[in-house]
Each structure stands twice: as C-alpha cells, then as structure tokens.
Amino acid sequence: LQLAKSSIRGVRKFEVKESLRVAKKCGKSVKYKMDTENVPNNRLAAYKHGSKSTTELRQRRHEVTVELRKNKKEDQLLKRRNITEDDGPTSPLQENNAQSPVTLKFDEIMQYIRSGQPEKEFAAVQAARKMLSREKNPPIDKIIGLGMVPVCVKFLSASDRPALQFEAAWALTNIASGTSEQTKAVIDANAIPSFIQLLSSPSVTVAEQAVWALGNIAGDGSKARDIVLEHNSVDAIIALVTNGNSQISFLRNIVWLMSNLCRNKNPAPPFNRIEPMIPVLSALLDHEDAQVLSDACWALSYVTDDDVVKLESVVASGAVPKLVRLLGTNNPAIITPALRSVGNIVTGNDTQTDAVIAANALPLLTNLLRHTKNTIVKEAAWTVSNITAGNQSQIQHVLDSGIFNVLIDVLASGDFKSQKEAAWAVTNTTTGGSTEQIIQLVEKYPIMKPYCDLLEAKDTRTVRVVLSGVANIFQIASQIGGTENLCTLFEEIGALDKLETLQNHENEDIYQKALLLIETYFCDAEDVNPECAPKEVNGALEFNPTTPQNGGFSF
C-alpha cells in the first residue's frame with residue numbers, strides 16, 4: 001500500500017495505486033490500543049472493568065434507554081383518567097337515583113354543595129365527576145376554580161357515605177390526571193393522607209378508586225411521588241396485594257401504583273421506602289395476568305436502573321429467573337420491561353451478571369435478537385454487550401452460546417440502533433476477552449465484514465467503537481504472527497478502503513485513529529508471501545489454517 005500524505009495542514013488525502021494492493025506486515029512491532037481517554041461517554045470506560053466509572057455507566061445506560069421509554073408511553077402510562085362514554089351509572093355503590101342522573105350547571109353545583117342536604121351534596125359531586133369524566137376536554141380548571149377540590153377532599157372522610165366517598169375520589173382522580181399544576185391542587189388540599197386512609201376502606205370500590213388517585217399523583221413526578229411515599233403508603237399497598245382477595249381490575253391498579261412509586265429519577269425514590277415492595281413485585285412475576293406482569297416488570301426495571309445495592313435487592317428477591325423466563329413470552333408488553341430489567345441487572349457486578357447467565361438467559365436473548373420489533377432487538381443486543389463487558393468467564397459463555405451467529409445478522413441487516421449495540425458487543429469482547437477468546441471470535445464467526453462495514457456509519461461514536469475493536473484485533477494478530485493474514489482479509493472485505501476514507505473524516509480523533517492503524521499495520525506491498533493469504537472455512541477466517549508462521553497458531 002503506497003501512502004502519500006499531503007504536507008498541507010488540514011488536507012488529508014491518500015493516493016493509492018490502482019493496481020491490486022496486497023497488504024504486508026510492517027517491519028516495526030508496534031503495540032497499539034485505541035486511545036479512548038477523550039471519547040465522551042465511551043462504553044469501554046463505562047462498564048464493569050475494575051477501574052471504570054459507575055457515573056459513566058449510568059449515563060450510558062440512560063442514553064440507551066431514554067428513547068425507548070419515550071416510545072413506550074402508551075404501554076406504561078404515568079397517569080390514567082377514569083372516563084365514561086355516557087352518563088349512565090358506573091358505580092355499583094350508586095342507588096336507584098343514579099338511573100336518572102341529575103344534570104347541573106356549574107353555578108348550581110356549588111349551590112347544591114352549600115345546601116347541606118346529603119342528597120344535593122351527592123348530586124353536586126356526581127355532576128362534577130361526570131364533567132371530569134368526559135373523554136374530550138374535561139373542564140378540570142373550571143372545577144378547580146369552583147372550589148370543588150377541598151370539598152371533595154372533605155367528603156373522602158365521610159365513611160358513613162361510601163357512595164359519596166367514591167364519587168369524590170373519582171372526581172379527584174381525574175383532576176390529578178391532568179397537568180402538574182392541576183395535580184398540585186389535589187396535593188395542596190391534603191388529599192394524600194385521606195386517600196391512604198381509604199386504602200383500608202371496607203368498600204373495595206372506594207379503595208380501588210383511592211389506589212387510582214394515588215397512582216396519578218405519584219405519576220406526576222419525583223416530588224409528588226415522594227410525598228405519597230412519605231405518608232407510609234407502602235405498607236397499606238402491600239397489605240392490599242397480600243390479602244389475596246382483590247379482583248383483577250383492582251390488582252392491576254395496585255401494581256400500576258407500585259410501578260409509579262418506583263418510577264422517575266432526579267432524584268430516585270428513597271430506597272428505604274420502596275425496598276419492601278421488591279419481594280412483593282418478585283412474587284407478582286408468577287401471576288398469569290399480562291397487565292399485572294407488565295407493570296411488575298416495569299417497576300423492577302425502574303429499581304434496577306440504579307446502583308449495585310438496589311440491583312442486589314432485586315437479585316436477592318429471586319426475581320432474576322422469573323424475569324428471564326418472561327423473556328420467552330410472545331407479548332411485547334411483557335418482554336420489553338422484563339428485558340429492560342435483565343439488561344439493567346447485567347450492568348451490575350459479576351455476581352449479578354452471573355445470576356442472569358445461570359438463569360439461562362443467553363438462549364432467550366438469542367431468540368429476541370430475531371424479534372420483529374426493532375426496539376426489542378436493540379435492547380437484546382444492548383444486554384449482550386453488557387455481558388461481554390464482564391469477565392472472561394462471562395465472555396466465554398457468550399461465545400459458547402452461539403449468539404454471535406445472530407449478532408452477525410443484526411450487524412449486517414438490523415436497523416442502525418441495533419447495529420450500534422451489536423458493535424458494542426463485539427468491541428467489548430475484544431477489550432475484555434483473552435487472546436484465545438478474541439481468536440475464537442474472529443476465526444469461528446464471520447464477523448469482520450459486517451462489523452467493519454459500520455466504519456461508514458454517520459454516527460461518530462459508532463465509528464470510534466468499531467475502530468477501537470479493530471485496533472484490539474490487530475494488536476492480538478501482531479502478537480501471534482497473524483498480521484499479514486488479517487491485513488489481507490481487511491483488503492478483501494473492503495475495510496481498508498473504509499479506513500482510507502476516514503482520512504477525510506471531519507472528526508480529528510477518528511482521522512488520527514484511522515491513520516495510526518494504517519501506518520502501523522499497512523505498508524509497501526513488497527516481498528509479500530502469497531501463502532499468507534487467509535483461508536476461509538464455512539465463511540469464517542482462519543489466520544493460519546494449516547502451517548503456523550512464527551508466533552502464529554492453527555485453529
């Protein structure tokens with residue numbers, strides 16, 4: 001390879017002979033590892049190797065997951081409004097007069113409230129609730145402006161009038177389903193203690209509506225969530241789950257509330273408040289209802305999206321085998337949060353990652369890499385990349401599982417976000433793997449072409465990731481005398497052309513890394529031994545298939 005670098009500052013161009021170019025090992029023995037010091041959020045420095053930063057780990061994990069969270073808003077709602085399609089009775093507590101609902105105007109509502117007559121008070125609250133239950137444009141601000149929020153909060157304590165309690169709770173639930181300012185009106189009226197008191201109401205319907213209201217309040221954000229937690233709501237919620245008498249609709253709302261209490265960061269919920277829910281959530285993973293399973297998985301995904309201590313609490317609860325088992329369902333609403341939880345757990349320490357491997361997750365992750373939903377493929381590849389960021393025993397499990405056969409397909413034809421995560425899986429293997437493991441990766445799996453094709457990606461970070469892995473592979477090749485064969489393969493798969501093109505990259509770091517690779521491992525095409533050309537077996541490269549060179553090997 002003839003290299004001619006322009007001497008003009010800022011001009012980067014290499015002229016290459018038109019004739020067939022055969023790469024040869026350079027005379028100098030230079031060990032080279034890509035400098036990742038200045039790469040922002042680089043996952044090589046962000047995962048589980050001993051000296052790596054846990055802050056960067058969390059930042060990288062956040063970047064990977066935040067987009068999918070946005071995409072799944074409809075699958076796991078922060079707030080839910082109890083709406084009715086008509087004005088017919090919806091509460092089993094309502095009496096016969098509900099069959100002929102009273103229609104009141106706004107000014108009449110407050111007149112009825114001030115009357116002090118129980119029948120009129122009920123009619124007023126019910127009328128307000130029905131307005132708030134409209135599917136479109138509920139007049140939340142108008143109802144707040146009338147002063148109905150403190151009135152409804154007062155009626156939550158009317159234990160001798162469960163029908164009124166229900167209507168008041170329903171109205172407040174729908175107000176709390178609105179904006180943060182509207183939710184704040186409910187909080188400021190001191191509704192939370194009353195709702196928590198109603199969790200133990202003898203009326204199941206009233207208790208369920210209280211759960212719904214607390215779920216909307218907790219779903220408003222970290223501040224509102226923590227107010228609910230500070231009022232010792234968790235004990236009452238756990239009691240509702242463990243009594244075993246809840247109807248399925250009630251249980252669904254309870255688990256959804258639990259997920260909202262675990263949700264949101266900056267700050268995360270106080271762990272001492274939510275930790276008692278973890279064994280309960282783990283037990284719920286054995287439930288048969290899809291919505292219960294989905295929300296329980298989402299709750300655990302929020303808990304595991306944090307530090308090792310919280311991860312350990314989930315692992316200790318026995319949740320890992322159950323979460324892994326749920327990866328085998330055919331319901332994306334369950335797979336997505338279960339996969340998120342498993343992916344978070346393998347960002348933890350080696351023991352936590354081993355728990356996932358021991359639960360036989362790798363075959364299920366292999367299947368998910370073939371899933372029809374791109375978001376699931378991406379998350380599965382991200383999870384694998386976290387495992388390959390572990391120790392060499394964990395890397396060996398991945399290599400032995402055959403999952404790279406499917407990752408090759410993801411690299412070659414997956415959507416770009418999935419390709420990017422698959423590239424991380426390869427690069428992490430070349431970073432933390434032993435010499436033998438890197439040899440196994442390159443010789444057993446035809447991974448180099450789809451991997452190196454990502455050198456043409458428009459995403460700067462992805463190009464850096466691949467350059468880093470390529471440098472690691474070349475470093476191993478130079479140690480075992482396989483550089484000529486790897487150079488020849490590089491030429492044949494078009495990767496050398498891509499390296500040359502990177503000399504024109506606008507990013508200075510990429511330019512320097514590509515230049516160093518070329519100058520270190522490629523030079524004049526003189527005195528080339530044609531026997532150095534690599535052989536292929538079943539489409540995979542063998543550096544020295546039959547006659548090992550000095551320091552070389554045979555597979």
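# A walk through a helical predicted model

The buried residues of helix α2 are Ile 109, Met 110 and Ile 113, where buried means under 20% relative accessible area, exposed means over 50%, and partly exposed lies in between, with a 1.4 Å probe and protein chains only. Seen down the axis of α2, these buried residues fall within an arc of 90 degrees, so they line one face of the helix; the arc is that of the directions from the helix axis to the C-beta atoms. An α-helix has 3.6 residues a turn, so residues three or four places apart point the same way.

This is a predicted model, in which local features need pLDDT of at least 70 and side-chain atom pairs count only at pLDDT 80 or more, while totals for chains, interfaces and linings use all residues. Residues are numbered from 1 along each chain as its sequence is written, and side-chain values use heavy atoms, with hydrogens and water left out.

The secondary structure of the protein comes to 30 helices and two strands; helices (H or I, at least four residues) and strands (E, at least two) are DSSP runs, numbered from the N terminus. Of the 555 residues in the protein, 55% are buried. Among contacts between residues at least 6 apart in sequence, 72% join residues at least 24 apart, and contact here means heavy atoms within 4.5 Å.

To return to α2, its buried residues pack against α3, α4 (140-146) and α5 (148-155). Two packed helices are described by the angle between their axes and the distance between the axes. For α2 (residues 106-114) and α3 (residues 118-132), the angle is about 145 degrees and the axes are 7 Å apart, where axes are lines fitted to C-alpha atoms, for helices over the stretch in contact, and angles run from 0 to 180 degrees between N-to-C directions. The contact is made on the α2 side by Phe 106, Ile 109, Tyr 112 and Ile 113, and on the α3 side by residues including Ala 123, Ala 124, Val 125 and Met 131. The residues of this contact divide into 10 nonpolar, no polar and two charged; Ala, Val, Leu, Ile, Met, Phe, Trp, Tyr, Cys and Pro count as nonpolar, Asp, Glu, Lys and Arg as charged, and the others, Gly among them, as polar. After α2 comes Gly 116, whose phi is positive, near 75 degrees.

In soluble globular proteins, nonpolar side chains tend to be buried together. The largest nonpolar core has 160 residues, and those with the most contacts inside it are Phe 195, Leu 284, Leu 365 and Met 448; such a core is a set of buried Ala, Val, Leu, Ile, Met, Phe, Trp, Tyr and Cys residues joined through side-chain atoms within 4.5 Å. Helix α6 (residues 162-176) gives the most to this core, with 10 residues. Leaving aside its neighbours within four places in sequence, Phe 195 is in contact with Leu 156, Ala 169, Leu 172, Val 186, Ala 210, Ala 213, Leu 214 and Ile 217.

Ser 418 and Ile 376 are 42 residues apart in sequence, yet their C-alpha atoms are 8.9 Å apart in space. Apart from neighbours within four places in sequence, the contacts of Ser 418 are Asn 374, Val 377, Lys 378, Ala 381 and Val 410. Trp 424 also lies in α24 and is buried, at 1% relative accessibility; its C-alpha atom is separated by 8.7 Å from that of Gly 469, 45 residues away along the chain. In helix α25 (residues 435-444) lies Val 442, buried with a relative accessible area of 3%, and the C-alpha atoms of Val 442 and Ile 473, 31 residues apart along the chain, are separated by 8.3 Å.

The last stop is the backbone of two loops. Most residues other than glycine have a negative phi, and most peptide bonds are trans. Asn 137, in the loop between α3 and α4, has a positive phi of about 50 degrees although it is not a glycine, and at 70% relative accessibility it counts as exposed. Asn 266, in the loop between α12 and α13, has a positive phi near 55 degrees and is exposed, at 78% relative accessibility. A cis peptide bond, with omega about 0 degrees, joins Asn 266 to Pro 267, and Pro 267 is found in the loop between α12 (248-262) and α13 (271-274).
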